[in-house]
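Hi,

Here is the structure I said I'd pass on.

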Amino acid sequence: MAARESVPSRKILVVDDEEYITDLLSTSLRFQGFEVATAGAGLEALSAVQSFGPDLIMLDVNMADIDGFEVCRRLRSDGDLTPVIFLTAKDTKEDMLSGFTKGGDDYMTKPFSLEEVVARIQAVLRRSGTAPADDATVHRYADLVMDDDTHRATRDGELVELSPTEWKLLRYLLMNAERVLSKSQILDHVWQYDFGGDASSVETYISYLRKKIDRVDPKLIQTVRGVGYTIRTGD
């Protein structure tokens, strides 16, 4: 079986007092290969940092006990330099500056797309030196290679021209190689969770990718009947 190279497993702590946000983010990040823990309040987050040892914290600003800014301030005063991405509904310049002055590494306003969250996490991890550059940007399976930095995909050494949607779909499959992804998971990730499409969109683009990717053997894009799709070298 061919080895898989993708985003290395990194620990992400998701902190938000809205349960649906922690559920959404933790599920999506686990699909991307991250190890995830959650907390619903500021003091709980401080405790989780000690027990979980995250590589990055997604930190809500407005919480009932102590806010995210105070959580970050306490971490920094204790010498903890774990990267922090603040999450907030506020998007004024003053709020953003306040977040950065409190020791934050990035600042995202709600609502946000799941793909943007993953991209921001990877960017902050690269800047902080906690993610090897090659592993964070180059994804391989068998002779299929995708490079995020150059936006080039190759199969058997040959360049593969992809549309933006094809790129997102193939990247999602490749980052989850050998995992079976359902049509609904693919819709949520590639077309975003608020997309009003149906499974036929997934089927159509899988067909497009097969014509471009699987012109050589072994065939990599596999259908698992009744479940979904995966990239692997066969059953």
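Of the protein's 235 residues, 48% count as buried, meaning under 20% relative accessible area with a 1.4 Å probe and protein chains only (over 50% is exposed, and in between is partly exposed). Bear in mind that this is a predicted model, where local features need pLDDT of at least 70, side-chain atom pairs count only at pLDDT 80 or more, and totals for chains, interfaces and linings use all residues. Residues are numbered from 1 along each chain as its sequence is written, and side-chain values use heavy atoms, with hydrogens and water left out.

There are 9 helices and 12 strands, taken as DSSP runs numbered from the N terminus (helices: H or I, at least four residues; strands: E, at least two). Taking contacts (heavy atoms within 4.5 Å) between residues at least 6 apart in sequence, 59% join residues at least 24 apart.

The axes of helix 2 (residues 42–52) and helix 3 (residues 68–77) come within 9 Å and cross at roughly 30 degrees; axes here are lines fitted to C-alpha atoms over the stretch in contact, with angles running from 0 to 180 degrees between N-to-C directions. From helix 2, Gly42, Leu43, Leu46 and Val49 meet Val71, Arg74 and Leu75 of helix 3. That makes 5 nonpolar residues, 1 polar and 1 charged (Ala, Val, Leu, Ile, Met, Phe, Trp, Tyr, Cys and Pro are nonpolar, Asp, Glu, Lys and Arg charged, and the others, Gly among them, polar).

Which residues of helix 3 are buried? Gly68, Phe69, Val71, Cys72 and Leu75 are. They sit on the same side of helix 3, because they cover an arc of only 160 degrees around the axis, going by the directions from the helix axis to the C-beta atoms. At the start of helix 3, a side-chain oxygen of Asp67 comes to within 3.2 Å of the backbone nitrogen of Phe69. Just after the helix, Gly79 has a positive phi of about 85 degrees.

His151, not a glycine, has a positive phi of about 55 degrees; it lies between strand 8 (144–147) and strand 9 (152–155) and is partly exposed at 49% relative accessible area. Glu178 also has a positive phi, near 75 degrees, in the loop between helix 7 (164–175) and helix 8 (183–190), and is partly exposed at 35%. Finally, a cis peptide bond joins Asp217 and Pro218, with omega about 0 degrees; Pro218 is in the loop between helix 9 (199–213) and strand 11 (221–224).

Cheers

Note on methods. Polar contact = N/O pair within 3.5 Å; in protein donor to acceptor, adjacent residues only side chain to side chain.
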